[in-house]
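User: I would like to learn how to read strand pairing and helix packing from a model. Can we go through an example?

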Amino acid sequence: MTKKIFGVLGLGIFGRTVVEELNKFEQEVIALDRYENLVQNVADMATKAAVGDMTDIEFLKAVGIAQCDVVVIATGNTLESSVLAIMHCKKLGVKTILAKAKNATYEEVLYGIGATKVITPERDSGKRVASNMLRHHIKNIIHIEDNIAMIEFSIPDSWVGKSLVQLDLRHKYDLNIIGIRKKSTSSLDTPINPNQAFEANTEVVAIANDNTFEKFDYLGYLN
């Protein structure tokens, strides 16, 4: 198993959850916070847990942040602290820096200062809830990068009896089919005959622009 070293700076609810998930997959985690009680809460799950100030570059050096493959700035309440932490991580050579932001203004600043990815938990959580409520055919979405995602969905009734050639899905929905499942319990077939007609209850896995395809699904426009 390939392991990475992760740094988690800030151990509130969000940071602690990140540590817990990384621990489940037996990754090495350096967990830091200025409050001792929060550090103690994750001490059994982290490879190293230390009390200190994430805006102090000497402290970050001492605990090994320079060796991290990925660092998560998990506290988004104080913009100055997040900015300094990102700047220090970049100076220490960390290539991937994820940062939490509490609003769009913070998000813009953190991207500007060099964060690889900025997370707005409240907004992202709301988007997931709304997405789950709106889905008609989509069963699962795995985001690959930006707006590109791998999407698993059940075909609409209007596709039954038609082939990929007839449906012209790439042109209509910016959708590239990579696998077909005849039933929800069957294995995924990756050799695809573009001239074979879809059967009822077929499920499909595709690479797509998630914004485009989600819009059609949520609005009930798939045909």
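User: Which residue in β2 is the bridge partner of V8?

Analyst: Bear in mind that this is a predicted model. Two strands count as paired if DSSP finds at least two bridges between them. Here V8 has A31 of β2 as its bridge partner. That bridge belongs to the pairing of β1 (residues 5-9) with β2 (residues 28-33), which is parallel and has 5 bridges.

User: What is the strand order in the open sheet of 6 strands?

Analyst: The order reads β3-β2-β1-β4-β5-β6, and the pairing is parallel. An edge strand pairs on one side only; in this sheet the edges are β3 (48-51) and β6 (117-119). Ignoring direction, neighbouring strands are turned by 15° against each other on average.

User: Which strands does helix α1 touch?

Analyst: Helix α1 (residues 13-24) packs on the sheet and touches β1, β2, β4 (70-73), β5 (96-100) and β6. The direction of α1 makes about 160° with that of β1. Helix α5 (residues 104-113) also packs on the sheet, where it touches β5 and β6. Its direction makes about 160° with that of β6.

User: How are the strands paired in the open sheet of 4 strands, parallel or antiparallel?

Analyst: The pairing is antiparallel, in the order β7-β8-β10-β9. β7 (138-145) and β9 (175-181) form the edges. From one strand to the next, the twist averages 20°.

User: Which residue in β10 is the bridge partner of I177?

Analyst: The partner is A206. β9 and β10 (residues 203-209) pair in the antiparallel sense over 6 bridges.

Terms used. Residues numbered from 1 in each chain as written. Predicted model: local features only at pLDDT ≥ 70, side-chain atom pairs only at ≥ 80, totals over all residues. Heavy atoms only, no water. Helix = DSSP H or I, 4+ residues; strand = E, 2+ residues; numbered from the N terminus. Axes fitted to C-alpha atoms, helices over the stretch in contact; angles between N-to-C directions. Contact = heavy atoms within 4.5 Å.
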